Amino acid sequence: MNLIIRNTSGQPIYDQITAQIKAMILSGELAPGDALPSMRALAKDLRISLITTKRAYEELEREGFVETVPGKGSFIAQTNTELIREENLRQIETHLSACIALAAQAGVTENELHEMLSLLCKGE
């Protein structure tokens, strides 16, 4: 698993791990039943604390993306289409919020935004 950790990022390391694994699940790169590296192995590979990887895995499990089997490890949970839809909607909302903030800085009106969105949806 190829995870990239940026110490200069304002985002906590466990959150970076969680976000990247979620993205791999949502893209299909990680499929239901796939094993994740052990917490110790991931911590060693990334040169971070075991506590950090544990927190990331616990977060993924709490959100339903990962299942942990005691003595066997952590695995990608069976696909829950509603969970994936909610995560995608959350990501869309984040991106749209950033776009709206940028548009406000540039003085773009609400009508202009609607027009741009309409053109993008039509593929123009």
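This is a predicted model: local features need pLDDT of at least 70, side-chain atom pairs count only at pLDDT 80 or more; totals for chains, interfaces and linings use all residues.

User: OK, the core. Which residues touch the most other members of the largest nonpolar core?

Analyst: Leu3, Ile17, Ile21, Leu30 and Leu36, out of 19 residues in that core. By nonpolar core I mean a set of buried Ala, Val, Leu, Ile, Met, Phe, Trp, Tyr and Cys residues joined through side-chain atoms within 4.5 Å. Buried is under 20% relative accessible area, exposed is over 50%, and partly exposed is in between (1.4 Å probe, protein chains only).

User: Which helices supply at least two residues each?

Analyst: α1 (13-27), α2 (39-46) and α3 (50-62) each do. α1 gives the most, with five residues. Helices (H or I, at least four residues) and strands (E, at least two) are DSSP runs, numbered from the N terminus.

User: And what does Leu30 touch?

Analyst: Leaving out residues up to four places away in sequence, Leu30 touches Met1, Ile21, Met24, Ile25, Leu36 and Ile76. A contact is heavy atoms within 4.5 Å.

User: Switching to charges: how many salt bridges does the structure hold?

Analyst: Six. The criterion is a side-chain nitrogen of Lys or Arg within 4 Å of a carboxyl oxygen of Asp or Glu.

User: Which one links distant parts of the chain?

Analyst: Lys22 with Glu87, the closest N and O atoms being 3.8 Å apart. Lys22 sits in α1 and Glu87 in α4 (residues 81-106), 65 residues apart. Lys22 and Glu87 are both buried.

User: What else does Glu87 pair with?

Analyst: Arg90, with the closest N and O atoms 3.2 Å apart. Arg90 is partly exposed at 45% relative accessibility, while Glu87 is buried at 6%. Salt bridges that share partners join Lys22, Glu59, Arg62, Glu63, Glu87 and Arg90 into one network.

User: How far apart are the closest N and O atoms of Glu63 and Arg62?

Analyst: 3.8 Å, in a salt bridge. Arg62 is exposed, with a relative accessible area of 61%.

User: Now α2. Which of its residues are buried?

Analyst: Leu42, Ala43 and Leu46. Looking down the axis of α2, its buried residues fall within an arc of 100°, so they line one face of the helix. That arc is taken from the directions from the helix axis to the C-beta atoms. On the other side of α2, Arg40, Lys44 and Asp45 are exposed.

User: What covers the buried residues?

Analyst: The cover includes α1 and α3. Just after α2, Arg47 takes a positive phi of about 60°.

User: Last one: where is Glu67?

Analyst: Glu67 is in strand β1 (residues 66-69) and is partly exposed, at 42% relative accessibility. Among its contacts, not counting residues up to four places away in sequence, are Glu61, Phe75 and Gln78. Glu67 and Gln78 are eleven residues apart in sequence and 8.7 Å apart in space, C-alpha to C-alpha.

Methods. Residues are numbered from 1 along each chain as its sequence is written. Side-chain values use heavy atoms; hydrogens and water are left out.
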